Amino acid sequence: MSAVLATFPLVATGALASCGSSTGSGTVDSGGVATADSSRRLPDVLLASLDGEAIPMRSLIGTPLVVNFWYTTCPPCGRELPVLAAAAAKYAGRVSFVGIDPRDDASAVTAFVAPRGVAYRQLLDRTDASTDALGLAGFPTTMLVGADGTIRAVIRHAVTADELDSRIRKTLLP
């Protein structure tokens, strides 16, 4: 399966499942993870907290960040949430984690993450502003973002614990 960010010059290929896909070209490392153009940053768009507060995406900048785009009816998304939750606990205080759901409402997100032990921040993208700005079509997608807001890597499939740990250490905490 091939999955790519349409407006983001990268591509990741592999036989891993995802919900949705797109095509394009770019740079892929040996692990099938797209590496980012060093000038690409988080977009200046508004998201929403689970209680309806407007949250500028760029307000997430300031510490190394793992941003996971997911939704409740995407099976690979659900399978990787415990992996992300464990990593968020492991890297607490050094790397921030946030989930962004472009399809569900706050009650659905809360009901879905609670039994999976997900304690990191969840936001909603009710207008698809972030997914459109980043050209996302396949889910789950996980972005590793430097403290300056630069997108350093994009994982276009359900991430494993070993892969996420390795990517965080290599790209966010060298």
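**Rings, charges and a buried serine**

Hi everyone, let's start with a charge over a ring: Arg103 lies over the face of Tyr71, with 4.1 Å to the ring centre. Please keep in mind that this is a predicted model. There is another arginine like that to look at: Arg116 sits over the face of Phe112, at 3.7 Å from the ring centre.

How many does the structure hold? There are 3 aromatic pairs, and I'll show you two of them. As you know, a pair of aromatic rings is described by the distance of the centres and the angle of the planes.

Take Trp70 and Phe112. Their ring centres are 5.6 Å apart and their planes meet at 25°, which is under 30 degrees, so this pair counts as stacked. The pair links distant parts of the chain, 42 residues apart: Trp70 is in the loop between strand S6 and helix H1, while Phe112 belongs to helix H2. Both Trp70 and Phe112 are buried.

Now for Phe97 and Tyr120. Here the centres are 6.0 Å apart with the planes at 50°, so the pair is tilted. This pair, too, links distant parts of the chain, with Phe97 in strand S7 and Tyr120 in the loop between H2 and strand S8, 23 residues apart. Phe97 and Tyr120 are both buried.

Last stop, Ser130, in helix H3, which covers residues 129–134. Is Ser130 buried or exposed? Its relative accessible area is 0%, so Ser130 is buried. And what is Ser130 in contact with, leaving aside neighbours within four places in sequence? The list is Val45, Leu47, Met57, Phe69, Ile100 and Asp125.

How values were computed: Residues numbered from 1 in each chain as written. Predicted model: local features only at pLDDT ≥ 70, side-chain atom pairs only at ≥ 80, totals over all residues. Heavy atoms only, no water. Helix = DSSP H or I, 4+ residues; strand = E, 2+ residues; numbered from the N terminus. Buried < 20%, exposed > 50% of the residue type's maximum accessible area, 1.4 Å probe, protein only. Contact = heavy atoms within 4.5 Å. Phe/Tyr/Trp six-rings, centres within 6.5 Å; stacked < 30°, edge-to-face > 60°. Lys NZ or Arg CZ within 6 Å of the ring centre and 35° of its normal.
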